[in-house]
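This report describes selected features of one protein chain. Please keep the sequence and the structure in view while reading.

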Amino acid sequence: MSRRVDERAVTVQIGAVLMLAILVSALALYQVSAVPDQNHETEFTHNERVAGELVELRDTIRNAGSERLEGGVPITLGAQYQTRTVAINPPAPSGRLSTSDPRPVKVENVTIEEGDPDGTIQDVLDDPPTTRLLTYDPRYNEYRGPTTRIEHSLLYNEFGAANVTLEEQTMLDDDSVTLVFLEGSLSRSTTGTVSVDVETIGGPTGESKFESNGSGNVTITLPTDSPERWEAALGTTFEGSPQENARIRNSDHQNVTIELANETYDLRLAQVSVGDGSTPDSRFDDARAPASEKGSGTFTVEWDSDAETIQEGQTERIDVHVTDDQTGDPIADVAVDFARRGGGSVSFSGDTQADTDETGTASIDVTGESAGETTIFASTVSGTDRLLVTVDPFEPPADGPYFDVQITQTNSPVTEGETVTVDATIENRGTQPDTQTIQLVASDGVELDSQTVSLESGEQSTITLEWDTTADDAGDQTIRVSTDDESDQTTVRVERNSGATGPTVDSFDTSEQPGNNAGIRYSWAVSAGDAELESAVVELHRDRTPVDRHTHPLSGQNGGSNNEKFADLGNGQEYTLRLTVTDTNGNTAEAVETQIAG
């Protein structure tokens, strides 16, 4: 007699095994795909946060260079991932904040005109102490975040070969120079938060005045890891320079030399510690500033409130007030710098620096870009306050039209006399149809063009506005497209139409550098066409990677240099040298040579 086998139990077991396999596969897919994406977002958000904290550290160091301060600035070095029940996180990423080795500063062709009765400040300028640079290096697992550097109040991100300025330098103003020498060895690495102690250990000196000693324009040579950021901040010529009366005279991969026009400047010096082993220079205290005759000499900076709310797409003007610490009186003519933590939620319209009026008030226009929260800072030479700004999502009017506008494209650059075209998308985000006149407006408020647009609720249209430029319009020009409800702006470039022939590279010769130190020597000669020469830049590359560069300001019709050199190169390695000469009309000429270092 045969027995019938019951196969139902086997079917259940197979089903359970299949379900388990599907579950394991889903968890594996989540681990290799979703977890890295989520951790990347966490690291990106952390990088925006720490950028804001480094803005505060930079401001605190700057303030400590203008008044005696002692305090700590919290920096969140590492990111913390979300807790997971079934998936596994990699080790929490840490970050490292450190100072560089001491690096020299040089000030030449300078004499103190007033405010230095015993000659101490002149002595400091003749033999300056060393200074240090600050670097934050994130060590993320997923996000390839930038290295962030603080150099003499300049704050920038370094993305491999590309660098992006976060906050412009405040060391040099139109008619004043503040040199802060950074002391102390700092090296902190952790997944958590550290407090960076900032302390004024020398000075600040009283405000004195200096000028050229007659040997040429005053020059200040500073250490840097990004000469191109300083060239962008100060320019390489006096005419049209971003900073009046200053330019980068020359640079290499470790230093920039700033040349000042032959004018009189206010000067303040200080020594600030951010780490261990700081050695104060007693010369600073010998010339320490006396108590201010106008109150305490230090300021209280306060926003109107602790928090502000802005609607997405709207611009609000927010006021900050500066008063004397002791008297409480408003202080006029104080420069206030505005900065934001991270980016994305808000943007600033116009300049990020403003002077206080007679009521001690300065203002900044803040635009809500996207829903979220951002901290913005207002800082003077001796005080900082922060403001939490919340951007609420856009809500269309309950019963009415709302024309949104976004500039999508321009044909910039154009030559003066040509037509600038601006493409803009107009969208009716309201609940009712409407007809509005869309205007293209110059920075001085003059209407350049307009179009009438009719849109139903939810409808959008792309229009093109035009501006016929003239010979007076050369340069970078800010233009704005406006509806009745909103506006968007952009910058276009109008290039000068000189009809001039461009510059010429007459010769460019390279050779090995003789001696024990492997390097390359180069000589060159250039001449102008119908316009004067402005600058010559020699860039050194190896395998298409930038290694070093030298900038040579020029003037007149001819220029050149003999036996310049790039040193400390790889012996026997081949390098590419590119010479670019530019004239005052923006025309360029190039020459390229390859050379073995020796």
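Contact means that heavy atoms lie within 4.5 Å. Helices (H or I, at least four residues) and strands (E, at least two) are DSSP runs, numbered from the N terminus. The structure is a predicted model, in which local features need pLDDT of at least 70, side-chain atom pairs count only at pLDDT 80 or more, and totals for chains, interfaces and linings use all residues. Residues are numbered from 1 along each chain as its sequence is written, and side-chain values use heavy atoms, with hydrogens and water left out.

Helix 3 comprises residues 227-234, and six of its eight residues are buried. A residue is called buried under 20% relative accessible area, exposed over 50%, and partly exposed in between, for a 1.4 Å probe and protein chains only. In helix 3 the buried residues are Pro227, Arg229, Trp230, Glu231, Ala233 and Leu234. These buried residues pack against six strands: strand 6 (147-151), strand 7 (154-159), strand 8 (162-167), strand 14 (246-251), strand 15 (255-260) and strand 37 (545-553).

Leu234 belongs to helix 3. Why is Leu234 called buried? Leu234 counts as buried because its relative accessible area is 0%. After helix 3 comes Gly235, which has a positive phi, near 80°.

## Nonpolar cores

A nonpolar core is a set of buried Ala, Val, Leu, Ile, Met, Phe, Trp, Tyr and Cys residues joined through side-chain atoms within 4.5 Å. The largest such core has 32 residues, and Phe210, Ile258, Leu260 and Leu269 have the most contacts inside it. Apart from this core lies another, of 26 residues, with Ala79, Leu97, Ile150 and Val194 among them.

Leaving aside residues up to four places away in sequence, Phe210 touches several partners, including Val110, Ile112, Val177, Val218, Leu260 and Tyr265.

## Aromatic rings and charges

A pair of aromatic rings is described by the distance of the centres and the angle of the planes. Rings of Phe, Tyr and Trp (its six-membered ring) pair if their centres lie within 6.5 Å; planes under 30 degrees apart count as stacked, over 60 as edge-to-face and the rest as tilted. By this rule there are eight aromatic pairs.

One of them is a tilted pair of Phe181 and Phe284, with 5.8 Å from centre to centre and 55° between the planes. Phe181 lies in strand 9 (residues 176-183) and Phe284 in helix 4 (residues 282-286), so this pair ties together parts that are 103 residues apart in sequence. Both Phe181 and Phe284 are buried. Phe210 and Tyr265 form a stacked pair, at 5.5 Å from centre to centre and with 20° between the planes. This pair links strand 12 (residues 208-212), which holds Phe210, to strand 16 (residues 265-273), which holds Tyr265; the two residues are 55 residues apart. Phe210 and Tyr265 are also both buried. Elsewhere, ring pairs join Phe44, Tyr140 and Tyr143 into a cluster.

A charge sits over a ring if NZ of Lys or CZ of Arg is within 6 Å of the ring centre and within 35 degrees of the ring normal. The charged end of Arg247 sits over the ring of Phe238, 4.6 Å from its centre. Likewise, Arg429 has its charged end over the ring of Phe394, 3.9 Å from the centre.

## Strand pairing

Two strands pair if DSSP finds at least two bridges between them.

| Strand | Partner strand | Bridges |
|---|---|---|
| Strand 39 (residues 574-583) | Strand 40 | nine bridges |
| Strand 17 (residues 299-303) | Strand 19 (residues 315-324) | five bridges |
| Strand 19 | Strand 23 (residues 361-368) | seven bridges |
| Strand 28 (residues 419-428) | Strand 31 | nine bridges |

Individual residues face each other across these pairs. Thr582 stands opposite Thr588 in strand 40, Glu302 opposite His321 in strand 19, Glu316 opposite Val366 in strand 23, and Thr419 opposite Asp468 in strand 31.

Four strands form an open, antiparallel sheet in the order 37-36-39-40. Strand 37 and strand 40 (588-596) are its edge strands, each pairing on one side only.

Another open sheet has three strands in the order 26-28-31, again with antiparallel pairing. Strand 26 (403-410) and strand 31 (460-468) stand at its edges with a single partner strand each, so one side of each is left without a neighbour in the sheet.
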